[in-house]
Structures are given as C-alpha cells and as structure tokens.
Amino acid sequence: MLNIGHIITTLTAAFFVVASYVILFNKFLPLSGIYALDVLAQDTHYKYFTLFIIPMGAYFVIANWVGWQYYQNS
C-alpha cells in the first residue's frame, strides 16, 4: 500500500529526471516530442525560472514558518 512518503519520493524523483533533461541532457539528446519538455528545452531563460520556482517556494514557506515560530515563542 502506498502512503504519502512513497508519493512524495516518486514525485521528487520524477521532478529530478525532468529537470535534469531540461537543463542538462537536452544539449546532447534530440527533442523528445513532448510539447512541454520541448518548449522548456529550447528556452534559454525561463526554463530555469520554471524549475527553480518549486524549491524557492518551499524555501519561502519554510522561512515564513520559522519566522512565525520565532514570533509566537518570543
């Protein structure tokens, strides 16, 4: 039976594979034929924004939570 940990691990691995293709491997491999991946692979600027918005969003959520904990416990 799958639990939330398995789902998070699977989604993280899938994100890593997609991000690796878009940023690194697209220079050496032909286009995949998947429209969303091809658009990101051919882009030179916004592909980084699209892929880094998830970890940066997580960073800001964690930073805000820590700040809120400092505020509540002071």
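**Helical architecture and buried contacts of the predicted chain**

Asp 38 is buried, with a relative accessible area of 11% (buried denotes under 20% relative accessible area, exposed over 50%, and partly exposed in between, with a 1.4 Å probe and protein chains only). The structure is a predicted model, in which local features need pLDDT of at least 70, side-chain atom pairs count only at pLDDT 80 or more, and totals for chains, interfaces and linings use all residues. Residues are numbered from 1 along each chain as its sequence is written, and side-chain values use heavy atoms, with hydrogens and water left out.

Asp 38 is located in helix α2. A polar atom of the Asp 38 side chain lies 3.0 Å from the backbone nitrogen of Ser 32 (a polar contact is a pair of N or O atoms within 3.5 Å; within protein, one must be able to donate a hydrogen and the other to accept it, and residues adjacent in sequence count only if both atoms are side-chain atoms). With neighbours within four places in sequence set aside, Asp 38 is in contact with Tyr 21, Leu 31, Ser 32 and Gly 33, where contact means heavy atoms within 4.5 Å.

The chain as a whole contains three helices and zero strands (helices, H or I of at least four residues, and strands, E of at least two, are DSSP runs numbered from the N terminus). Along the sequence these elements follow the pattern α-α-α. The radius of gyration of the chain is 17 Å, well over the 11 Å that the globule rule gives for 74 residues, so the chain is more spread out than a compact globule. This radius is taken over C-alpha atoms, and the globule rule is 2.2 Å times the number of residues to the power 0.38. Taken along the principal axes, the box filled by the C-alpha atoms is roughly 55 × 40 × 15 Å. Of the 74 residues in the chain, 15% are buried.

Helix α1 comprises residues 4-23. At 1.5 Å a residue, its 20 residues should span 28 Å, in agreement with the 28 Å between its end C-alpha atoms (the expected span is 1.5 Å times one less than the number of residues). The N-terminal end of α1 is capped by Asn 3, a side-chain oxygen of which lies 3.1 Å from the backbone nitrogen of Gly 5. Thr 10, also a residue of α1, is exposed, with a relative accessible area of 54%. A polar atom of the Thr 10 side chain lies 2.8 Å from the backbone oxygen of His 6.

The buried residues of α1 are Ala 19, Ser 20, Tyr 21 and Val 22, and their cover includes α2 (35-42) and α3. For Ser 20, the relative accessible area is 10%, and the side chain reaches the backbone oxygen of Phe 16 at 2.7 Å. Tyr 21 has a relative accessible area of 12%. Not counting residues up to four places away in sequence, Tyr 21 touches Asn 26, Leu 29, Pro 30, Leu 31, Ser 32, Leu 37, Asp 38 and Ala 41. Its side chain reaches the backbone oxygen of Pro 30 at 3.4 Å and the backbone nitrogen of Ser 32 at 3.4 Å. The C-alpha atoms of Tyr 21 and Ile 54, 33 residues apart along the chain, are separated by 17 Å.

Leu 40 is placed in helix α2 and is buried, with a relative accessible area of 17%. Beyond residues up to four places away in sequence, Leu 40 touches Val 22, Lys 47 and Thr 50. The C-alpha atoms of Leu 40 and Ala 19 are 9.6 Å apart in space, with a separation of 21 residues in sequence.

Helix α3 consists of 27 residues (residues 46-72), which at 1.5 Å a residue should span 39 Å; the end C-alpha atoms are 38 Å apart, which agrees. A kink of about 40° is located at Phe 52 in α3, shortly before the proline Pro 55; the bend at a residue is the angle between axes fitted to the seven residues ending there and the seven starting there.
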